[in-house]
Amino acid sequence: MMKIMPALFQPVLDRILAEIERTPGRGRPADYIPALAARDPRRFGMAVAELDGTVHGVGDWREPFSTQSITKVFTLALDLAREGDELWEHVGREPSGNPFNSLVQLEYENGIPRNPFINAGALVVTDRLHTRTGDAAGELLAFLRAESGNPALDFDKDVAASEAGRGDRNAALAHFMASYGNIDNPVPVLLDQYFRQCSVTASCADLALATTFLARHGIRADGTRLLTRSQAKQVNAVMLTCGTYDAAGEFAYRVGLPGKSGVGGGIIAVVPGRCTLCVWSPGLDERGNSVAGVAALDRFTTLTGLSVF
């Protein structure tokens with residue numbers, strides 16, 4: 001293991017790309033969302049963004065892909081910035097131990113989702129952000145465009161429609177929480193916002209840049225503060241413990257960074273005070289995390305010595 005200077009990020013990424021290209025099994029794309037099922041599982045991209053906005057990348061690092069649950073990090077930050085600790089009265093901060101779309105725990109816990117990154121918790125966060133802004137998905141998109149420096153980022157209408165067509169489980173989650181008074185907006189309105197949110201298309205470069213506010217302890221790209229240092233720590237902590245579905249312990253063990261995955265095959269990760277990463281490869285394991293993505297982040301922290309541990 002070696003400590004690495006930023007100038008050496010590119011050789012490390014090149015080495016990781018060469019290793020990944022020799023890896024046989026890459027998992028399978030998410031087949032329950034028709035718009036994602038056709039993606040080639042052998043596609044791979046990886047980007048590292050430094051705090052000054054310099055980005056290094058390899059492979060398909062500029063290829064747009066469906067961000068899916070990665071956006072939950074940004075809606076969490078946007079809502080936390082507005083309402084502070086009151087948010088945590090409506091959603092917990094503990095790992096779920098169950099699949100991301102599970103209904104089981106909600107009944108035991110009176111409609112309070114276990115954390116903001118399972119679907120139930122993300123629905124609560126989107127609902128609360130929508131109450132405060134009037135357009136949660138639009139607020140998210142504006143933020144991602146500003147932080148990435150890419151005004152062309154947009155929703156994918158086909159992906160949103162595809163998810164809406166298979167949205168019965170999310171509708172059930174929302175209605176169940178509404179019965180406990182934990183949803184403010186009409187469920188159809190909330191679901192439209194949520195499916196649009198998950199349909200944002202962005203590249204590894206875009207997402208690595210958009211995530212740097214968490215590595216800068218809450219400071220946005222323009223120098224203004226979105227989160228307090230304590231709030232940025234909270235978001236990173238929840239990413240570490242809950243960000244990769246019910247495989248968060250394994251991800252922390254292998255990678256050692258706060259991270260958030262999406263079933264589009266992307267994963268973002270944060271090295272506080274140093275840099276941020278995004279990796280994309282559509283082939284998923286049985287828990288919904290990118291096989292090549294986790295392997296690449298594992299190699300990155302091993303080769304560089306950059307970890308929170």
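**Sheet, cores and aromatic contacts**

Within strand β2, G59 is the bridge partner of G45. The model described here is predicted. Its five-stranded open sheet has antiparallel pairing and the strand order β2-β1-β8-β7-β6. The edge strands of this sheet are β2 and β6, each of which pairs on one side only, and the twist from one strand to the next averages 10°.

- Strand β1 covers residues 45-50, and six of its six residues are buried, so the strand is largely enclosed by the rest of the structure.
- In a regular strand, side chains alternate between the two faces of the sheet.
- Both faces of β1 are covered: one side carries G45, A47 and A49, the other M46, V48 and E50, and all of these are buried.
- Strand β2 (residues 55-59) pairs with β1 in the antiparallel sense over five bridges.
- The hairpin of β1 and β2 has four residues between the strands, and G53 takes a positive phi near 95° there.
- Strand β8 (residues 275-280) runs antiparallel to β1 and is joined to it by six bridges.

- Strand β6 (residues 259-261) is antiparallel to β7, and three bridges join the two.
- G259 has A269 in β7 as its bridge partner.
- β6 and β7 form a hairpin with four residues between them, and G265 in the turn has a positive phi of about 105°.
- β7 also pairs with β8, in the antiparallel sense and over six bridges.
- A269 has L277 in β8 as its bridge partner.
- The hairpin formed by β7 and β8 has three residues between the strands, and G273 in the turn has a positive phi of about 80°.

**Nonpolar cores**

- In soluble globular proteins, nonpolar side chains tend to be buried together.
- The largest nonpolar core contains 47 residues, of which F74, L214 and L227 touch the most other members.
- Leaving aside neighbours within four places in sequence, L214 is in contact with V73, L227, A232, V235, N236, M239 and V270.
- Another core, of 26 residues, lies apart from the largest one and includes V12, V58, V294 and L306.

**Aromatic pairs**

- Seven aromatic pairs are found in a search of the whole structure.
- One of them joins F65 and W280: the ring centres are 5.3 Å apart and the planes lie at 5°, so the pair is stacked.
- This pair links distant parts of the chain, since F65 belongs to strand β3 (residues 65-66) and W280 to strand β8, 215 residues apart.
- F65 counts as buried because its relative accessibility is 1%, and W280 counts as buried because its value is 0%.
- F143 and F213 form an edge-to-face aromatic pair, with 5.4 Å centre to centre and 90° between the planes.
- F143 is in helix α6 (residues 136-148) and F213 in helix α11 (residues 212-215), so their pair ties together parts that are 70 residues apart in sequence.
- F143 has a relative accessibility of 3% and therefore counts as buried; F213, with a relative accessible area of 0%, is also buried.
- F74, F143 and F213 form one aromatic cluster.

**Charged groups over rings**

- R62 places its charged end over the ring of W61, 4.1 Å from the ring centre.
- R196 has its charged end over the ring of F155, 4.6 Å from the ring centre.

Definitions and conventions. Residues are numbered from 1 along each chain as its sequence is written. Side-chain values use heavy atoms; hydrogens and water are left out. A nonpolar core is a set of buried Ala, Val, Leu, Ile, Met, Phe, Trp, Tyr and Cys residues joined through side-chain atoms within 4.5 Å. Buried means under 20% relative accessible area, exposed over 50%, partly exposed in between (1.4 Å probe, protein chains only). Contact means heavy atoms within 4.5 Å. Two strands pair if DSSP finds at least two bridges between them. Rings of Phe, Tyr and Trp (its six-membered ring) pair if their centres lie within 6.5 Å; planes under 30 degrees apart count as stacked, over 60 as edge-to-face and the rest as tilted. A charge sits over a ring if NZ of Lys or CZ of Arg is within 6 Å of the ring centre and within 35 degrees of the ring normal. Axes are lines fitted to C-alpha atoms, for helices over the stretch in contact, and angles run from 0 to 180 degrees between N-to-C directions.
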